[in-house]
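Let's take a walk through this model together. Keep the sequence and the 3D view side by side as you read.

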Amino acid sequence: DSIPFETLTNKYIEYSKKHKSEKTLKSEVTSFNLYSKDWFNKRISLIKKDDVRKKHQEIHDNHGLYSANSWLSYLSSMYNKAINLWGLEIENPAIGIKKFKEKSRDRFLQPEELPRFFDVLEKIATPQVKNYVYLSLLTGARKSNVLSMRWEEISFENMTWRIPKTKNGEALTL
């Protein structure tokens, strides 16, 4: 189980191509290529918790906490796959390393903002944009689901929308 880090990374990327979204895959590839390239020739069994801790801090200092935390998640996931799915007898060096505290990026329209929001939407948005916004607000569905909605998924009789595939890969009826 002393394969090079690059070999494990390539195997993990191949796995991700089949099991993850294109956006996540691109983020993983970019993260590994940007931040872990100096580990590519290193044996995976030689990468220790202290190496990961230092790299995590280095990414934080040079590229920000969100990049550092994403990289740490991808690294941990890759090692978990190596151990649990591919049977490599190694330890996950990312286990126990705390992510940097992230600030919540949630922003919601406040009740007093809604009348102005709807007024502006009616005045300046195209019919397609208005329909998208109203449908998103009424269903609470993800952007990708609303944008890929098809007529055959709608039952006017039952007043339902059957989303054939959600983010977790399962169907959902609203």
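This is a predicted model: local features need pLDDT of at least 70, side-chain atom pairs count only at pLDDT 80 or more; totals for chains, interfaces and linings use all residues.

Lys20 is partly exposed, at 27% relative accessibility, a class that lies between buried (under 20% relative accessible area) and exposed (over 50%), with a 1.4 Å probe and protein chains only.

Residues are numbered from 1 along each chain as its sequence is written, and side-chain values use heavy atoms, leaving out hydrogens and water.

By the salt-bridge rule, the count comes to eight. One of them joins the side chains of Glu14 and Lys17, at 2.9 Å from N to O. Both residues sit in helix 1, three residues apart, or about one turn of the helix; helices are DSSP runs of H or I with at least four residues, numbered from the N terminus. Glu14 is partly exposed at 39%, and Lys17 is partly exposed at 49%.

Next, look for Asp38 and Lys55, which form a salt bridge with closest N and O atoms 2.7 Å apart. This pair links distant parts of the chain: Asp38 is in the loop between helix 2 and helix 3, and Lys55 is in helix 3, 17 residues apart. Asp38 is exposed at 58%, whereas Lys55 is buried at 4%.

Now turn to the nonpolar side chains. In soluble globular proteins, such side chains tend to be buried together. Here the largest nonpolar core has 25 residues, and Phe5, Phe32 and Trp71 are among those with the most contacts inside it. A core of this kind is a set of buried Ala, Val, Leu, Ile, Met, Phe, Trp, Tyr and Cys residues joined through side-chain atoms within 4.5 Å. Helix 1 (5-19), helix 2 (22-35), helix 3 (49-63) and helix 4 (65-84) each give two or more residues to this core. Its largest share, eight residues, comes from helix 4.

Helix 4 also holds Ser76, which is buried at 16%. Ser76 and Leu172 are 96 residues apart in sequence and 30 Å apart in space, C-alpha to C-alpha.

Note on methods: A salt bridge is a side-chain nitrogen of Lys or Arg within 4 Å of a carboxyl oxygen of Asp or Glu.
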